[in-house]
Amino acid sequence: MVLADYARKSFELLEQMHADMLPFSAGMPGRITLVANTNAVNSFIADDLAIFFKHHPSVRIALEEKYSHDILAAVTDRRADVGIVALQANHKELALFPYCDDELVVLAPRSSSIK
């Protein structure tokens, strides 16, 4: 009886493993973890992701918003696959590629002395 219970449980686990692994054999979509700073998330990423998904519909992206120093750490530690930051320096462990130009402006009332 004990052996039969273990055998039944083993076959159930084997069937579950087969069901869980089936999507991989059929070309399961990839998953990318993308971390980006607030400005990139709010200004640029949505349109670019829409274009990306048209060309790569099976890829899933987990988007996380973080501060730039946290993004550097996440990519360096491989907790994220790709990061978007505002950074002007080199990093010894990461390759940096230009993504987009972001123009920041100062807003002030017209009567202000700021020019």
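Student: Which residue stands opposite Ala36 in strand 3?

Tutor: This is a predicted model, in which local features need pLDDT of at least 70, side-chain atom pairs count only at pLDDT 80 or more, and totals for chains, interfaces and linings use all residues. Residues are numbered from 1 along each chain as its sequence is written, and side-chain values use heavy atoms, with hydrogens and water left out. Strand 1 and strand 3 pair in the parallel sense over three bridges, where pairing requires that DSSP finds at least two bridges between two strands. The residue opposite Ala36 in strand 3 is Ile84.

Student: In what order do the elements of the chain run from the N terminus on?

Tutor: Helices (H or I, at least four residues) and strands (E, at least two) are DSSP runs, numbered from the N terminus. By that rule the secondary structure comes to three helices and three strands. From the N terminus on, the order is α-β-α-β-α-β.

Student: Which residue of strand 2 does Arg31 stand opposite?

Tutor: Strand 1 and strand 2 (residues 60-65) run parallel and are joined by six bridges. In strand 2, the residue opposite Arg31 is Arg60.

Student: What is the handedness of the β-α-β unit made by strand 1, helix 2 and strand 2?

Tutor: A crossover is right-handed if, with the strands pointing away from the viewer, the path from the first strand over the helix to the second runs clockwise. For the unit of strand 1, helix 2 and strand 2, the handedness is therefore to be read by that rule. The β-α-β unit is right-handed.

Student: Why do the buried residues of helix 3 lie on the same side of that helix?

Tutor: Ile71, Ala74 and Val75 are buried in helix 3 (residues 68-76), buried meaning under 20% relative accessible area, exposed over 50% and partly exposed in between (1.4 Å probe, protein chains only). These residues lie on the same side of helix 3 because the arc they cover around the axis, taken from the directions from the helix axis to the C-beta atoms, is only 90 degrees.

Student: What is the phi value near which Arg78 lies?

Tutor: Arg78 is placed in the loop between helix 3 and strand 3. At 75% relative accessibility, Arg78 counts as exposed. Phi of Arg78 is positive, in a residue other than glycine, and lies near 65 degrees.

Student: With which residue does Arg79 form a salt bridge?

Tutor: Arg79 is also placed in the loop between helix 3 and strand 3. Leaving aside neighbours within four places in sequence, Arg79 is in contact with Thr33, Ala73 and Ala74. A salt bridge is a side-chain nitrogen of Lys or Arg within 4 Å of a carboxyl oxygen of Asp or Glu. With closest N and O atoms 3.3 Å apart, the partner of Arg79 is Asp77.

Student: What N to O distance is found in the salt bridge of Lys66 and Glu64?

Tutor: The structure holds two salt bridges. Here Lys66 is partly exposed at 28% relative accessibility, and Glu64 is partly exposed at 33%. The N to O distance between the side chains of Lys66 and Glu64 is 3.6 Å.

Student: How many aromatic pairs does the structure hold, and how many residues apart are Phe44 and Tyr99?

Tutor: Rings of Phe, Tyr and Trp (its six-membered ring) pair if their centres lie within 6.5 Å; planes under 30 degrees apart count as stacked, over 60 as edge-to-face and the rest as tilted. The structure holds two such pairs. Phe44 and Tyr99 form an edge-to-face pair, 6.4 Å centre to centre with 85 degrees between the planes. That pair links distant parts of the chain, Phe44 in helix 2 (residues 38-55) and Tyr99 in the segment after strand 3 (82-84), and the two are apart by 55 residues.

Student: What is the angle between the planes of Phe52 and Phe53?

Tutor: Phe52 is partly exposed, with a relative accessible area of 26%, and Phe53 is partly exposed at 32%. Their rings form an edge-to-face pair at 5.9 Å centre to centre, and the angle between the planes is 70 degrees.

Notes:
Contact means heavy atoms within 4.5 Å.
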